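I opened the notebook to go through this chain element by element.

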Amino acid sequence: MSPFLDLPPLTAARFAAIEDRVAALLHTTADVIVTQGEALLPLEAAIRGAVRPGATALNIVTGPYGQTFGGWLRDCGAEVVDLAVPYDTAVGADRVAEALRAHPETSFVSLVHAEAATGNTNPVAEIGAVVRAHGALLMLDAVASVAAEPLHTDAWGVDLCVIGGQKAMGGPAGVSAVSVSARAWRAITDNPRAPRRSYLSLLDWKERWTDAGRTALPHAPAQLEMLALDACLDRIAAETLPATIARHRAAAAATRAGLRSLRPLAPYVTSDGHAAPVATTVRTPAGLDARELAAAALRSDPAVPVQAGGGALAAEMLRINHYGPAAALGTVQASLTALAAALETVHADTVHADGADAEAARGAAAAAWTAALAG
């Protein structure tokens, strides 16, 4: 008997129960569809379903995923207005309101809650209020934020909220979900270009599953991923969602405090209030290649969740992931220790560290961790 192969079939009732648990996590009474793939699947499905040709979409770009959304929106035939801000900060609701006033025909807004790739997080509650007052639909990428910071889908006016299990939830990468408000369903139903008979079709799920009473699954479910999703929901429930969120916030505070003892490194996102709880990005000084530093850190400790930034930022930014099980003081301190060792290896001419920097970083991280959990 194999625990991975010899399993009883996943019933429609169990599948529906997992969807209901996801809805509770999102604080929504809207329909939730669990999709059998990585979160890019429901993100693209939401855009292609809700955005009709000729519509005007405001695409808020605070990292690479915003750039991806812009490409999909243009493929749908939308007139796209990109609201881009520097990746080391967040977008304010006032900027969104200004963009909507300049483009009153806007009917769709896309936003990333927390950008793990750039380390920033956006004020969804305030932005959602502005978008709802304007009358547009709001699609939120909450893949990195769910279980790491508050997420009140209905109260914030989010019409399409997409999550994945692989970051703060500490679950599988091969399953994701999207909540769909009644307003979003109307837009999708009225869109003649909404995908049908396609893996990207939310309407197929609505008609064959949600509206049919969720009694017969439209296809064979990804059983292992669904069971893993259920298990990570069990883990969150056991810890409690507030405690899970607090642990991620403490990890971010600890990492940022420790980095300030590792000069010449510094947090890439300068404001603590704009920093994401799932990953801390690090700015490297001119002449110090982030890829070289990340490689040296991994040679020092191959287990630390440290990596170079992506794309154009690869040479100047690295990233310390602290989500899921890695949102722990021990992991944060190990990452700081590895970076201190890497600095001595690749940047010794300007780093005067003989181990004291690592010790100071670990101490600063511990103090910030304790303060964050206490406060």
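I looked up Asp204 first: leaving aside residues up to four places away in sequence, Asp204 touches Arg196, Arg197, Ser198 and Trp209. I took contact as heavy atoms within 4.5 Å. The model is predicted, so I kept to local features with pLDDT of at least 70 and side-chain atom pairs at pLDDT 80 or more, while totals for chains, interfaces and linings use all residues. Numbering runs from 1 along each chain as its sequence is written, and side-chain values use heavy atoms, with hydrogens and water left out.

Asp204 sits in helix α7 (residues 202–210). Helices (H or I, at least four residues) and strands (E, at least two) are DSSP runs, numbered from the N terminus. Is Asp204 buried or exposed? Its relative accessibility is 14%, so Asp204 counts as buried. My cut-offs were under 20% relative accessible area for buried, over 50% for exposed and partly exposed in between (1.4 Å probe, protein chains only).

**Helix α4**

Next I checked α4 (residues 93–102). Ala93, Val96, Ala97, Ala99 and Leu100 are buried there. They cover an arc of only 160° around the axis, which puts them on the same side of α4. The arc is that of the directions from the helix axis to the C-beta atoms. On the other side of α4, I found Asp94, Arg101 and Ala102 exposed. The cover over the buried residues of α4 includes β2 (56–61), β3 (79–84), β4 (106–112) and α5 (124–134).

**The 7-strand sheet**

I then traced an open sheet of 7 strands, ordered β1-β9-β8-β7-β4-β2-β3, with mixed pairing. β1 (31–35) and β3 are the edge strands, each pairing on one side only. The twist averages 15° from one strand to the next. Two strands pair if DSSP finds at least two bridges between them.

How is β1 placed? 4 of its 5 residues are buried, so β1 is largely enclosed by the rest of the structure. β1 and β9 run antiparallel, joined by 5 bridges. Val32 stands opposite Ser179 in β9. Further along, β4 pairs with β7 (residues 137–141) in the parallel sense over 5 bridges. Val112 has Asp141 in β7 as its bridge partner.

I also looked at what lies on this sheet. Helix α6 (residues 182–190) lies across β1, β7, β8 (160–164) and β9 (176–180), at about 95° to β9. Axes are lines fitted to C-alpha atoms, for helices over the stretch in contact, and angles run from 0 to 180 degrees between N-to-C directions.

**The 4-strand sheet**

Another open sheet has 4 strands in the order β10-β11-β13-β12, with antiparallel pairing. Its edge strands are β10 (266–267) and β12 (306–308), each pairing on one side only. I counted 2 bridges between β10 and the antiparallel β11 (residues 279–283). Ala266 stands opposite Arg283 in β11. Helix α9 (residues 241–259) lies across β10, β11 and β13 (317–321), running at about 15° to β11.

**The largest pocket**

Last, I looked up the largest pocket, which holds about 370 Å³ of space. Of its 22 lining residues, Thr121, Arg249, Asp272, Gly273 and Ala275 are the closest to its centre. The largest share of the lining, 4 residues, comes from α9. A pocket is an open set of points on a 1 Å grid over the protein atoms alone, where a 1.4 Å probe fits, with protein on both sides within 12 Å along at least five of seven lines; lining residues have an atom within 4 Å of a point. Grid points are joined across faces, edges and corners, and the volume is the space filled by probe spheres set on the points.
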